[in-house]
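This report describes a two-chain model, element by element. The sequence and the structure come first.

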Amino acid sequence: MNLNLTGTESIQTNPSRLWESVIDPAVLQRSIPGCISMDELAPGEYTITLELKVAAVGGNFEGSVKLSEMNPPNSCLINVSGNGTLGIGKGTARVTITANEDDTARITYEADGEVSGLVAGVGQRVLMGVAKHLVRQFFTALKKEFEAN
Amino acid sequence: MAAKKYKFISQPRHPTENRRFVAGRGNFVADIDRPDMLHVAPLSSHYPAAIINNIDISEAMMMDGVIDVITGAEIGAAIQPLMNGLDTPKVQRFPLAVNRVRYAGEWVCAVVAETRAIAEDALEKIIIDATPQPFVLDAEEALLPSSPPVHPKHGSNILLDRKFVWGTVGEDFVNAEHNLSFSVIWGRNSTVPIETFGVVAEWNGWDNILDVWASVQMPKYSDQIARCLNLPGNAVRVHYDVDVGGSYGVKRGIKHATLIGYIARKLGRPIRFIEDRLENMRAGDAHGPERKFNVEVAFDSDGSVRSMKMRALDNAGAYAGRAPFQLGKPISAIVGPYQINSVSYHAISVTSNKTVQEAVRGFGQAPTNYAIETAMDRVASFLKMDRLALRQRNLIRSDQFPYLIPSGSTYDSGDYHAVIEKVLTAAEYPTLLANRNHLRDEGMMAGIGIAACLEPSGGNSSFEPLLNESNKTSTWMESCQINIDGLGHLTARIHTTSSGQGHETLVSTVLGEVLEIDPSSIRITRPNSLESLPGNSPVGSRMAIMLGGAAARSAEKLKAKLIKIAAHSLGIDAEKLTYAGGNVLAPDGRKHTWQDAVELAHRQFHNLPEGMDPGLAAFDIMQVPTGNALPVDGKVHMYPCYSFEFHLVLLAFDPVIGRPEIHSYTVGHDCGTVINPAIVSGMTYGGIAHGIGAALLEEFAYDPNGQLMTQSFLDYLMPSSHEVPPIQIVKHCTPSPHTVFGQKGSGESGYLGSPAAISSAINDAVSALDIRFEKLPIRMSAISDAIANKSA
């Protein structure tokens, strides 16, 4: 099944620092819900291990994350693909960072994903809600990174 | 023929099995606990089609409590493929996918661990490297030469493609005044037993024997396991005293048993595998027929249906299973209860990248009945004739039995018109019509559904040689063994598993009737396969006929011996004696009691007639009545008995919401002599509830990526007490001439006609809008969408 997510968030920092954060594996590992590890293979290329629970099923997910079309500090394209006990997933997200008038940074994302396997079959009714919830968790955690600083 | 009066048969008696089940003292597979038992969890494929490049089990194997991981490559090299009833040797199936996966959910490997929880955790550590392959889901697409073959070595997706012409079809179509054609689709659904499939296996290397306890309903189970595992037949001992928590056809369990048997033998420890619901729904034996019908009928202006052409295209899923044969059983009742002079039948079964289809209640008969009944409604609609009158015109009359149908089966007996009259009276048909019209006046969509259909029963496998000419099987037997102990008490052995059909009640009732003793004094045992006489298991609505028959014949043999002993003892010719209440009476008033015979048979050999063996035991191995020939020229007589059912339903729904509510449900049922009324009524109620699910709710639906979207009870909807109304069962008895008491089968009753009746009612409800629903299930969303589209 297909998952499409779009949204905008404002974060208490400037675009450059936000850019640095979203390409920093350590920050991402702390912010991505269920992220157990994130290792940099090459600049902009990572392997990631997640542990997630959706509806009645839970499990791990191992995949690769690749950043391309890098235009610091304004935009990039993120490709994710992988599989695990929960199923198979792949997707792309276009991320754009701009400055707000109030000196905060605005991040806009347009994600387009496809999942199959157990999670698609069992979790179809809740998958969209879970995806939105995970994105919200991600940004809540990301915002805390800047509040802490 | 009037129904005979019996002392125990047909009387309202509590089923024997009720005591232990009501008290929670059943013995189910999950109750089997063997010392040092290990547990198994299978890893499922996410892909509908892929080539397996590598399976990395190293991390899983290092986990505490993990004993072994079995891959498809290992088991594929160690055992024989599962039995395939068709002549398609290149469509091979193993318990685990070997090199290639063919449906999402297929088991790729199996973890063996100290607990099921550890096994499940270890699944997460296994890394499968697989390359996705093209796949096909739709049966019509699978037929095309361009479709990706599910089994490349087989070369195409066609498992079966047979055309039969029975009678003068071409001529009848030319001579008929009208013809019409339509297509309908029966969606893939199941029976969904509460208990999923489970099996425990234990290998004893010193005795060279594999013990198997399983929740199973599978013909020749021990033979199939032995053959797959390269063991002698007498090295597999299947225990028949395991209670089964529902099956209705699907508990086949052969891939599970061969997998678990293999592991038990390899590791030398008892192994248990009980499916969880997801394993059951997407890769167990859960899926039933998925069938598209193209039907043409030729008929006259007076409503006489002369001929029918039917094409049935069935989506078997990834392997052959039993699916193709489910196109075969309906051949034995291909004209339903109607006088249709000729039929052509094109049966096609194709593989697809969906879960394997297995046997489901009725073995393909319910979908076919749905197609036949839709034809009757369409003809009536075309001629603007009353649907009921059209059926009454075409029904076989009671004076026409035995009735030979074009495809070679002879219906034994029936009085269809009488059953329908009884139902119309019981349901107060004129009031029912008035109620429908009243509901319509109130703005509801209301409709009356009608379905008349047959339940072929007696479980003969003649469709196998009919569809596979290299199969020469005509034997289809059942057996019973009885023994009177030294204290005079009777014990009977039945030689199969039971999945809720009440075989203990059946056998004790029949033995009690013949021997004129209290059925509740009779002990029934269910030994293992090695201590059993041959049988074909409780499938095809056969046990009242076959096990009941074998029990009655055993009892008659024993009764004859009791009379012979008495005759010798009393010095009177056996012909002059009468048997009553277990005793033998002489014309002069002398009585030779049951206990007298026990004393002589067990302890006084010197007083037995010359040449008679001691003891009081008898057994019987019975061949299915009328099952004595292989097919000739595409025709064969199949089942000995044909039960009849007539459904009459009133339902209504709000045109905006579209949720059908059943206001009245009456079914007329004639299954000959009923052995136990409570069991037959229970089967009919359950069958109708199952049919309501098939008609309105239940479907194994796939998304375009080949993923099963309805694999949990969140998405696979079943009827509950909200959807199943009170059901009025109207009984009629036309005894069968082929069985000992006139009994026929009833194990599939209700389900065979209720989907057709509900479809008929919904189509009646929307007829004024010129809407036709041509696919089951008819979900409420489909109803409300169709009405909204018409209104727009």
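## Sheets of chain B

In chain B, β22, β23 and β24 form an open sheet in that order, with antiparallel pairing. Its edge strands are β22 (578–580) and β24 (591–592) of chain B, each of which pairs on one side only. Strand β23 (residues 583–585) of chain B runs antiparallel to β24(B) and is joined to it by two bridges; Leu585(B) stands opposite Lys591(B) in β24(B). Helices (H or I, at least four residues) and strands (E, at least two) are DSSP runs, numbered from the N terminus, and two strands pair if DSSP finds at least two bridges between them.

The model is predicted: local features need pLDDT of at least 70 and side-chain atom pairs count only at pLDDT 80 or more, while totals for chains, interfaces and linings use all residues. Residues are numbered from 1 along each chain as its sequence is written, and chains are lettered from A and ligands numbered from 1 in the order in which they are written.

Another open sheet of three strands in chain B has the order β4-β2-β6, again with antiparallel pairing. Here β4 (100–101) and β6 (127–132) of chain B stand at the edges with a single partner strand each, so one side of each has no neighbour in the sheet. Strand β2 (residues 50–56) of chain B pairs with β6(B) over six bridges in the antiparallel sense, and Ile52(B) has Ala130(B) of β6(B) as its bridge partner.

Two packed helices are described by the angle between their axes and the distance between the axes. The axes are lines fitted to C-alpha atoms, for helices over the stretch in contact, and angles run from 0 to 180 degrees between N-to-C directions. A crossing is left-handed if the near helix is turned anticlockwise from the far one by less than a right angle, and right-handed if clockwise.

Helix α10 (residues 365–383) and helix α19 (residues 754–765) of chain B pack at an angle of about 35°, with axes 8 Å apart. Their crossing is right-handed. From α10(B) the contact includes Tyr370(B) and Glu373(B), and from α19(B) it includes Ala756(B) and Ser760(B). Two residues are in contact if their C-beta atoms, placed from the backbone, lie within 7 Å. By class, the residues of this contact are four nonpolar, five polar and two charged. Ala, Val, Leu, Ile, Met, Phe, Trp, Tyr, Cys and Pro count as nonpolar, Asp, Glu, Lys and Arg as charged, and the others, Gly among them, as polar.

Helix α15 (residues 503–515) and helix α16 (residues 543–570) of chain B cross at roughly 35°, and their axes come within 9 Å. The crossing of α15(B) and α16(B) is also right-handed. Among the residues that meet are Leu506(B) and Val510(B) in α15(B), and Leu547(B) and Ala551(B) in α16(B). This contact has 13 nonpolar, two polar and two charged residues.

## Chain B as a whole

Chain B has 20 helices and 29 strands. Its radius of gyration is 27 Å, close to the 28 Å that the globule rule gives for 792 residues, so chain B is as compact as a globular protein of that length. The radius is taken over C-alpha atoms, and the rule is 2.2 Å times the number of residues to the power 0.38. Along the principal axes, the C-alpha atoms of chain B fill a box of roughly 90 × 75 × 50 Å.

The chain is divided into domain 1 (18–25 + 477–623), domain 2 (32–133 + 197–274) and domain 3 (291–462 + 630–791), with bounds from an automatic or database domain assignment. The C-alpha centres of domains 1 and 2 of chain B lie 40 Å apart. In their contact, 16 residues of domain 1 meet 18 residues of domain 2. The side of domain 1 has four nonpolar, 11 polar and one charged residues.

Chain A has three helices and seven strands, in the sequence pattern β-α-α-β-β-β-β-β-β-α. Strand β5 (residues 75–84) of chain A pairs with β6(A) in the antiparallel sense over 10 bridges, and the two form a hairpin with two residues between them. β6(A) is joined by 12 bridges to the antiparallel strand β7 (residues 105–116) of chain A. In the five-residue hairpin between β6(A) and β7(A), Asp103(A) in the turn has a positive phi of about 65°.

The contact between the chains takes 16 residues from chain A and 13 residues from chain B. On chain A, the elements giving two or more residues are β4 (57–71), β6 (87–99) and α3 (118–148). The largest share, six residues, comes from α3(A).
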